[in-house]
Amino acid sequence: MSALLIPIFEQEYRELRPRAPIPPLDIRFRRFTSLNTTIRLREGKLLVRLSDLLEASPESVHRAIAHILLAKLYRKPIAPAHADRYRRYVSSDVVSKQAEHIRQTRGRKNISTPVGHYYDLDEVFETLNTRFFHGLMGRPTLTWSAHAARRMLGHYDAAHNTIVVSRVFDRPDTPRCAIEYLLYHEMLHLKHPVRVKAGRRCVHSREFQAEEKLFPELEEAKAYLKRL
């Protein structure tokens, strides 16, 4: 199947670089844990690796992928039509469910412990659950991150029903409102799952944003996060 993509990539290459010779192409599908697509130029050869979830995609999607990857590699503008075609395809209900399934079955989640040196995530969760959700929210797996990351302070992984919080918060000078707000934000992702509207993923819906504003120490917590 990957050999059938070579003419498509060659055609898109000619569109983007009409005067440049087309390098040899090595296109392969891989059992990635997500909808990964990569392209690299190595020793004069273009190496393309695509998630096997994309193997059965329509030709128009394969063409969009080829255009997007080549445009990124050679720093060319990405045609809106191709970007929209790819985005709508991967955001469709069928593909989204397939992607979620392979994340669950192939992916590995590094689980540490909810008990830190200064904060116990289980205790913070139950406090927030009682305070904001009438104690009705089922507890997901809670874990501190492996490292004190500052770029990703916390995230909810729906595929593994896990909330991960950066260890940067597990220290004595972290105000209680900061760790509570961060966990509250991720708990809202459980209550308000990602939705797809007109082909676009809606991560923070109006309902999500309205409920987030109910956190009393919102401004104080956000101010602390900005200082990290």
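Visitor: Rings of Phe, Tyr and Trp (its six-membered ring) pair if their centres lie within 6.5 Å; planes under 30 degrees apart count as stacked, over 60 as edge-to-face and the rest as tilted. On those terms, which residues do ring pairs link into a cluster?

Guide: The cluster consists of Phe 132, Phe 133, Tyr 181, Tyr 184 and Phe 215, linked by ring pairs. This is a predicted model, in which local features need pLDDT of at least 70 and side-chain atom pairs count only at pLDDT 80 or more, while totals for chains, interfaces and linings use all residues. Residues are numbered from 1 along each chain as its sequence is written, and side-chain values use heavy atoms, with hydrogens and water left out.

Visitor: How many aromatic pairs are there in the whole structure?

Guide: A search of the whole structure gives 6 aromatic pairs. One of them is Phe 132 with Tyr 184: the ring centres are 4.6 Å apart and the planes stand at 45°, so this pair is tilted.

Visitor: Where do Phe 132 and Tyr 184 sit?

Guide: Phe 132 belongs to helix H5 (residues 121-133) and Tyr 184 to helix H6 (residues 176-191), so the pair joins distant parts of the chain, 52 residues apart. Helices (H or I, at least four residues) and strands (E, at least two) are DSSP runs, numbered from the N terminus.

Visitor: Is Tyr 184 buried or exposed?

Guide: Tyr 184 is buried, at 1% relative accessibility. The classes are buried under 20% relative accessible area, exposed over 50% and partly exposed in between (1.4 Å probe, protein chains only). Glu 186, also a residue of H6, is likewise buried, at 5% relative accessibility.

Visitor: What does Glu 186 touch?

Guide: Not counting residues up to four places away in sequence, Glu 186 touches Gly 154, His 155, Tyr 156 and Ile 163; contact here means heavy atoms within 4.5 Å.

Visitor: And Arg 131, which residues is that in contact with?

Guide: Arg 131 lies in H5 and is partly exposed, at 39% relative accessibility. Leaving aside neighbours within four places in sequence, Arg 131 is in contact with Glu 180, Pro 216 and Glu 217.

Visitor: Turning to helix packing, at what angle do H6 and H8 cross?

Guide: The axes of H6 and helix H8 (residues 218-227) cross at roughly 95° and come within 9 Å, which means that H6 is roughly perpendicular to H8. Axes are lines fitted to C-alpha atoms, for helices over the stretch in contact, with angles running from 0 to 180 degrees between N-to-C directions. Angles under 35 degrees count as roughly parallel, over 145 as roughly antiparallel, 65 to 115 as roughly perpendicular and the rest as oblique.

Visitor: Which residues meet there?

Guide: H6 contributes Cys 177, Ala 178 and Tyr 181, while H8 contributes Leu 218, Glu 220, Ala 221, Lys 222, Tyr 224 and Leu 225. By class, this contact has 7 nonpolar, no polar and 2 charged residues. Here Ala, Val, Leu, Ile, Met, Phe, Trp, Tyr, Cys and Pro count as nonpolar, Asp, Glu, Lys and Arg as charged, and the others, Gly among them, as polar.

Visitor: A change of topic: what is phi of Arg 75?

Guide: Phi of Arg 75 is near 55°, a positive value in a residue other than glycine. Most residues other than glycine have a negative phi. Arg 75 lies in the loop between helix H2 (59-73) and helix H3 (80-91) and is exposed, at 79% relative accessibility.

Visitor: What about the phi of His 134?

Guide: His 134, not a glycine, also has a positive phi, of about 55°. His 134 lies in the loop between H5 and strand E4 (141-144) and counts as exposed, at 71% relative accessibility.

Visitor: Which residue lies over the face of Tyr 74?

Guide: Arg 17 does, at 4.1 Å from the ring centre. A charge sits over a ring if NZ of Lys or CZ of Arg is within 6 Å of the ring centre and within 35 degrees of the ring normal.

Visitor: What else touches Tyr 13, apart from its sequence neighbours?

Guide: Not counting residues up to four places away in sequence, Tyr 13 touches Pro 18, Ala 20, Pro 21, Ile 22, Pro 23, Leu 46, Leu 70 and Tyr 74. Tyr 13 lies in helix H1 (residues 5-16) and is buried, with a relative accessible area of 3%.
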